[in-house]
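Dear colleague,

Please find below the structure I said I would pass on. My notes on it follow.

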Amino acid sequence: MEIIIILLALFFLMFVAYRGFSVILFAPIAALFAVLLTDPGHVLPFFSGVFMDKMVGFIKNYFPVFLLGAIFGKVIEMSGFAKSITGAVIKIIGPSRAMLAIVLVGAILTYGGVSLFVVAFAVYPFAAELFKAADIPKRLIPGTIALGAFTFTMDAFPGTPQIQNIIPTTFFKTDTWAAPWLGFIGGLFVLVIGMIYLEWRRRKAKAAGEGYGTGHRNEPEQLADEKLPHPLIAILPLIIVGVFNKIFTNLIPQFYGKTFDFTAINIQKVTPVDISKETAIWAVEGALVLGIVAVLIFSFNRIKENFNAGINVSIGGAMLATLNTASEYGFGGIIALLPGFKAVNNAMANTFTDPLVNEAVTTTTLAGITGSASGGMSIALAAMGETYLEQAQKLGINPEVLHRVASMASGGMDTLPHNGAVITLLAVTGLTHKQSYLDIFAMTLIKTIAVFFIIALYYMFGIV
């Protein structure tokens, strides 16, 4: 019965997410319902002492990253930099290689710190024009954008400033550059296999006589010949984010040491700050601030008219994304303390005795159930992060490997049909799950396989 209670709570959360209801409301309802069925007298203490404590802790750690990332993505979009970069990459790669061009555009933008949702909106008009010119079926656009924006540059390549690569840093005291070779090789695996799959789908459609098609919904307007910023200027803020993320990652520990003790400056009753837990977050935040400043310097005249409205939209989006994930994190904090979870955890430990495999399976499963990479990973690491770290230390496994496995696993099965990014991408392109989800799911499978590929590489060759 205890295990059934846990499963009921998880699948209830999956159901409401799939139906489009807010997890900000329903994550605590699902968690407290599980507490109610376990011991009704514990509901209120669990709400205040566990759920709210975990939720607020997550917001304290990660809200600035969500906020700065949203603002950076918005100013990149408003400035025309995203369009400029897209046009330049397409010109270099050539319209004849439409799929590769769109994948690379998505990869450059996400690795530079632009939000996945902004990438979908920015890239789609160019993808539609290229696919139409090359007579490639429109139904293949979502899978192509997903490969570029939702996979290897989101959580595999070292240094990516996306939230999926930042969350593990506080659990394992790592930075965003953790396990660089495993991340790079794993990301390259996803890119190569993903492109092979997309090209196979394109050739199969061509052999069947299928072209771009007609009568599609949400077709973009013909791209206007507007004057855009020079591509070198447009890409500069993305380079700044990447370079200064690395610089700050190295400089912050040197400047502050291991901890910052407020008593040294005559301030009492403030808990010392563990710098090893904050370095990665501060580094990304500092890099994003410089990226935003760079966009404003080079393109203020272009964005000043709609600056206030645009910033307000991005702030609202950041708050919603943060509260969604924080609520799921609070849910995970409660579930981890219930008797049923201990039974599930023991069963998982007996089935998947290796900590890396256990971490990968748990994280990607929870990401799939919640429909959120960051949400699923937060639940998994809130419940099991310390256990994985203890097991890894006993076996001599570098914590950086735990970081990379958790990050990549979160971006595996998260893209099930109820995932918010999937729903948004299909809405933007005017396509349905029936038309295009198969190709998105193929990217999901490739990404999931890649996690176990890097685990095998680590055990076979010791690559980190």
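**Loop residues**

K269 is found in the loop between β1 and β2 (273–274). The model is a predicted one, and in it K269 has a positive phi of about 60° although it is not a glycine. K269 counts as exposed, because its relative accessibility is 90% and the cut-off for exposed is over 50%.

A179 also deserves a note. It sits in the loop between α9 (163–172) and α10, and its phi is near 45°, again positive in a residue other than glycine. Most residues other than glycine have a negative phi. Is A179 buried or exposed? A179 is buried, since its relative accessible area is 0% and buried means under 20%.

Two further loop residues are exposed. K258 is placed in the loop between α11 (231–256) and β1 (259–260), and has a relative accessible area of 75%. Leaving aside residues up to four places away in sequence, K258 touches V273, D274, I275 and S276. From K258 to A101 the separation is 157 residues in sequence and 44 Å in space, C-alpha to C-alpha. T214, in the loop between α10 and α11, is exposed with a relative accessible area of 76%. T214 and K132 are 82 residues apart in sequence, with 9.9 Å between their C-alpha atoms.

**Bent helices**

Helix α16 covers residues 373–395. If straight, its 23 residues would span 33 Å at 1.5 Å a residue, but the end C-alpha atoms of α16 are separated by only 27 Å. A kink of about 65° in α16 is centred on M384. Just after α16 comes G396, with a positive phi of about 75°.

In α3, the bend is about 50° at Y62, and a proline, P64, follows within four residues.

What does the end-to-end distance of α6 say? At 1.5 Å a residue its 19 residues should span 27 Å, and the end C-alpha atoms are 25 Å apart, which agrees. Just after α6, D135 takes a positive phi of about 55°.

The buried residues of α6 include L116, V118, V119, A120, A122 and V123. Y124, F126, A127, A128, L130 and F131 in α6 are buried too. Which helices cover the buried residues of α6? The cover includes α3 (43–78), α4 (81–93), α5 (98–111), α7 (141–149), α8 (152–155) and α18 (420–429).

The axes of α10 (residues 180–207) and α19 (residues 433–461) come within 9 Å and cross at roughly 145°. The crossing is right-handed. On the α10 side, the contact is made by L182, I185, G186, F189, V190, I193, G194, Y197, L198 and R201. On the α19 side, it involves L438, D439, A442, M443, I446, K447, I449, A450, F453, I454, L457 and Y458. Sorted by class, this contact has 17 nonpolar, two polar and three charged residues.

Regards

Terms used. Residues numbered from 1 in each chain as written. Predicted model: local features only at pLDDT ≥ 70, side-chain atom pairs only at ≥ 80, totals over all residues. Heavy atoms only, no water. Helix = DSSP H or I, 4+ residues; strand = E, 2+ residues; numbered from the N terminus. Expected span 1.5 Å × (residues − 1). Buried < 20%, exposed > 50% of the residue type's maximum accessible area, 1.4 Å probe, protein only. Contact = heavy atoms within 4.5 Å. Axes fitted to C-alpha atoms, helices over the stretch in contact; angles between N-to-C directions. Left-handed = near helix turned anticlockwise from the far one by under 90°. Nonpolar A, V, L, I, M, F, W, Y, C, P; charged D, E, K, R; others polar. Bend = angle between axes of the 7 residues up to and from the residue.
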